[in-house]
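Please look over the sequence and the model below before reading on. The briefing that comes after them goes through the fold topic by topic.

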Amino acid sequence: MRRALRQRAERRKLMTAEADVLGELTGLRARLPQLTGALAASTDGLVLAQDASKTEAESVAALTAAALGVALRLTEATAQGDFRELLIRGADGYVAIYAAGSSAVLTLLAEPRINVGRLHLEARRSGARIGEVVDGALERLESS
């Protein structure tokens with residue numbers, strides 16, 4: 001029971017960071033017009049903020065959490081260090097997942113014509129800022 005209450009409290013605290021995270025997603029989409037969607041989620045699949053109109057955010061967050069689990073295992077098994085990013089190229093575009101601090105991930109959907117180098121540059125910066133916001137919110141929760 002205590003664990004469930006703590007998890008709910010953590011989720012509420014993460015949701016308080018939604019406005020800051022959404023602002024970062026909006027700015028990222030303005031800097032990269034070839035993005036078709038942007039989503040920040042907790043590592044366990046809770047949607048924190050989204051700027052994506054054509055996707056089901058909860059489904060994408062859940063799939064991101066599953067992909068993250070595989071990526072974490074793979075980087076650990078191959079001694080490649082901590083997870084940083086995962087890029088998937090499909091026939092109609094890209095799905096890119098970036099670490100965002102210790103508790104969140106940034107998932108981006110992009111057109112096939114995007115400059116992947118620029119995508120990485122901008123997404124890494126945004127992921128770091130989102131990570132600061134989310135990890136800061138969690139730290140405040142732990143200290144209260």
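This is a predicted model: local features need pLDDT of at least 70, side-chain atom pairs count only at pLDDT 80 or more; totals for chains, interfaces and linings use all residues.

Residues are numbered from 1 along each chain as its sequence is written, and side-chain values use heavy atoms, with hydrogens and water left out. Helices (H or I, at least four residues) and strands (E, at least two) are DSSP runs, numbered from the N terminus.

**The sheet**

- Five strands make up an open sheet, ordered E2-E1-E5-E4-E3, with antiparallel pairing; two strands are said to pair if DSSP finds at least two bridges between them.
- Strand E2 (47-51) and strand E3 (85-90) are the edge strands, each of which pairs on one side only.
- From one strand to the next, the twist averages 10°, where axes are lines fitted to C-alpha atoms, for helices over the stretch in contact, and angles run from 0 to 180 degrees between N-to-C directions.
- Seven bridges join strand E4 (residues 93-100) to strand E5 (residues 104-110) in the antiparallel sense, and Ala96 has Leu108 as its bridge partner in E5.

**Helix H2**

- Helix H2 (residues 18-31) has 14 residues and reaches 20 Å from its first C-alpha to its last, close to the expected 20 Å at 1.5 Å a residue; the expected span is 1.5 Å times one less than the number of residues.
- Val21, Glu24, Leu25 and Leu28 are the buried residues of H2, with buried meaning under 20% relative accessible area, exposed over 50%, and partly exposed in between (1.4 Å probe, protein chains only).
- Seen down the axis of H2, these buried residues fall within an arc of 100°, so they line one face of the helix; the arc is that of the directions from the helix axis to the C-beta atoms.
- The exposed residues Ala19 and Ala30 sit on the face of H2 turned away from its buried side.
- H2 lies across strand E1 (35-42), E2 and E5, and runs at about 30° to E2.

**Helix H3**

- The buried residues of H3 are Ala57, Val60, Ala61, Thr64, Ala65, Leu68, Ala71 and Thr75.
- Viewed down the axis of H3, its buried residues fall within an arc of 140°, so they line one face of the helix.
- What covers the buried residues of H3 includes E1, E2, E4 and E5, whereas the face turned away from the buried side carries the exposed residues Leu63, Val70, Arg73, Leu74 and Ala77.
- Just after H3, Ala79 takes a positive phi of about 55°.

**Two loop residues**

- Ser103, in the loop between E4 and E5, counts as buried because its relative accessibility is 16%.
- The side chains of Ser103 and Asp135 are joined by a polar contact of 3.4 Å, a polar contact being a pair of N or O atoms within 3.5 Å; within protein, one must be able to donate a hydrogen and the other to accept it, and residues adjacent in sequence count only if both atoms are side-chain atoms.
- Asn115 is found in the loop between E5 and helix H4 (116-143), and a polar atom of the Asn115 side chain lies 3.0 Å from the backbone nitrogen of Gly117.

Terms used. Contact means heavy atoms within 4.5 Å.
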